[in-house]
Amino acid sequence: MKQVVQNYKSGELALLDVEVPACKPGGVLVRTAYSLISTGTEMMKVSEASLSLVGKAKARPDQVAKVMQSVATNGLGATYRKAMNKLDSYTPLGYSLCGVVEEVGAGIHDVAVGDYVACAGNEHALHAELNWVPKNLYSKVPDGVDPRHAAFGTVGSIAMQGVRQGEPQIGDIALVIGLGLIGQLVVQLLVASGVRVVGVDPDPSRCALAEQLGALKCGDPGSGVIDTAVAEISSGHGVDQVYLAAGGSTNEPVELAAKLARDRGRVIDIGKCSLNLPWNAYYEKELDVRFSRSYGPGRYDPEYELEGRDYPIGQVRWTERRNLECVVDLMGSGRLDVEPLISHMSDFADAVETYRKLNEGELKAVAVLFEYEKRAATTTEHVTSVSVPKPSTVRAAPKAGGVRIGFIGAGNYASSMLLPHLAEMEHVHLTEVVTTSALSGANAKRKFGFARATTDLDTMLEDSAIDAVFIVTRHSSHAELTRRALLAGKAVFVEKPLALSEKELEVVLGAIEESGNDRLQVGFNRRFAPLLNESVLHFGPRIGPASVRYLVNAGQLDAGSWYNQADSEGSRFAGEGGHFIDTVSWLLGSDPVSVYATATPGHQDLQILLRYPDGSTASIAYTTSGSSAFPKETIDVTADGKVLKFDDFARASVFGRKKWASSRIPKGRDKGQAAELEAFVNALKTGVAMPVSVDSLVSTTLATLAVNRSLETGAPVRINATELGGGADRTARK
């Protein structure tokens, strides 16, 4: 299928061939009939992409701050690769469309194949021929509503949420600053609510359009016309609400808002404009400044948007989806008329040229619609169960022709830390990549040379030509995907964690025992770090028990990070704590026998004590309350009159009869990903044992899971990992 994409590094726009997205449970596959170009938000993104790197940095200081934080945490080299990978990728455009349901996923009962739906979301309502849309981001289009008009559903919801934040009442007076697409919709919604509206915009044609749609008076902000109109309509008191629907860097909108608002009036920010509030003006009138977050409650909440968990109507009356439903209902009743806003219709095949004309000012428009080729909807039988491929014989023989690899997932970590190394290996053939988003697969195929990109997981697992599968997806999917890949006879490299519960771990072990396939590696890369290995060599062999102190200055997560989704993705430590336990176990040459954990309130900081068979102990301090200026990982190992001090993969030293100190690593912090991948590929190529035994992987996983159990019980948890085949005996016990 075709999809509009942009490379943010070069600014290139393209109509790209990508795979059709799979129809997953909890949503519908929609064939697009019309999609709307947001002449504000989208064109701002298109314009930013054409800027130099310095210009991009000035336009997005928030992203610059994140990059600087990453440099402090991960080093310049790793940060540069990550940032360039993100920049040099195709990103999607679009977030508002109307289309026909082509396939219905499991659990969906409110629409059927052939229904028209209005769809929202900058990841699900894209300028693409087909989109998979989760249930809370679509609304069935009522009979009689033109599909062209229903394509305005998302921007209509943005305008409606802004109006709801203003809490207008019948008879109120409102000022709308900025009469672009959102501003025009705000005008209509306010008029439909019984509000008297005045508008401001420097474009006379937009002012005339707003008056046509119900505004009492509109004009240029510098003309004095609006000042006079507000004074007359409000008897000199000022407007009750001001809606900021303008963009740009000028501070004039917020200054005008303060000038024309009444005492204790409301100012609602809907657009992206400068908000350098003049303190005296806002203080003296005690103005109430409010922000409107996109389409409404549910936005940026993955449980609502992706998992379909609706908010109770008694608690949240107007959610994203209810706003969307309300907008299309208003269209059906004739109280919201978007026909006058349609400035231009463009064939989807001409999308790139349309964007060029808009960006260069050749095409002046309030709203532009892409029209797609009309096709009859086709019914595809939905498969509710997956047939597991028949286990094949473990392929541990040497691979004379090289190792053929499939990837499940191609997100930022895979694209910046794994695939660049694999793409350079002589004996590796990147055969197929499976992604949820067709565009992610197309990006990976373009950048790393995969032979194929698809959204069909079953096809990859059934392909006998693929030797190994990399699983680089969200934590909650690791165990099940590992099970399926092992049963399919593939060697498996799964990013940490292997499992989020003992039950999930048993599922993986059951697959190993059923298939006889134990070709498994978990992405515990730190034990392969060159500087850490060099340090251990200089420390020398150990005779007596050791004491290890490992400080992990993890830092705070962004509020929107999926790592915060503890209910579905496990605790943060369950997700990444295996890294540190594996490193300690490797340093001590054995697996832990007990775990004890304590935590500060809210589990913000963890203290974990591990005990080992020879009497060695290790403490891991996993903290989120520290300074970002301090190194992320520091390790001290003490034994036999010697101390190894390791500072964040950048410096190391050994204190003993002779002192050794490393020089600072010139190319940044190498945390071992390249060496780890080389060891994995070498095991596949030569048929030797995997770099880390299954027993060690299981023990590390059990110890990681035992941390939460110890926190719950307040007691140590004993780790009992028997030999492979022990099955149910692989448990953590008090």
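Helices here are DSSP runs of H or I with at least four residues and strands are runs of E with at least two, numbered from the N terminus. By that count, Glu-286 sits in the loop between α11 (279-285) and β14 (288-291). Keep in mind that this is a predicted model, where local features need pLDDT of at least 70, side-chain atom pairs count only at pLDDT 80 or more, and totals for chains, interfaces and linings use all residues. Residues are numbered from 1 along each chain as its sequence is written, and side-chain values use heavy atoms, with hydrogens and water left out.

Back to the backbone. Glu-286 has a positive phi, near 50°, without being a glycine. Glu-167 also isn't a glycine, and its phi is positive at about 50°; look for Glu-167 in the loop between α6 (153-166) and β9 (173-177). Then there's the peptide bond from Lys-496 to Pro-497, which is cis with omega near -5°. Pro-497 belongs to the loop between β21 (491-494) and α19 (502-515).

Now for a sheet. Two strands pair if DSSP finds at least two bridges between them. An open, antiparallel sheet of 3 strands runs in the order β2-β1-β4, and its edge strands, β2 (13-17) and β4 (90-92), each pair on one side only. Strand β1 (residues 2-7) is joined to β2 by 5 bridges, and Val-4 has Leu-15 in β2 as its bridge partner.
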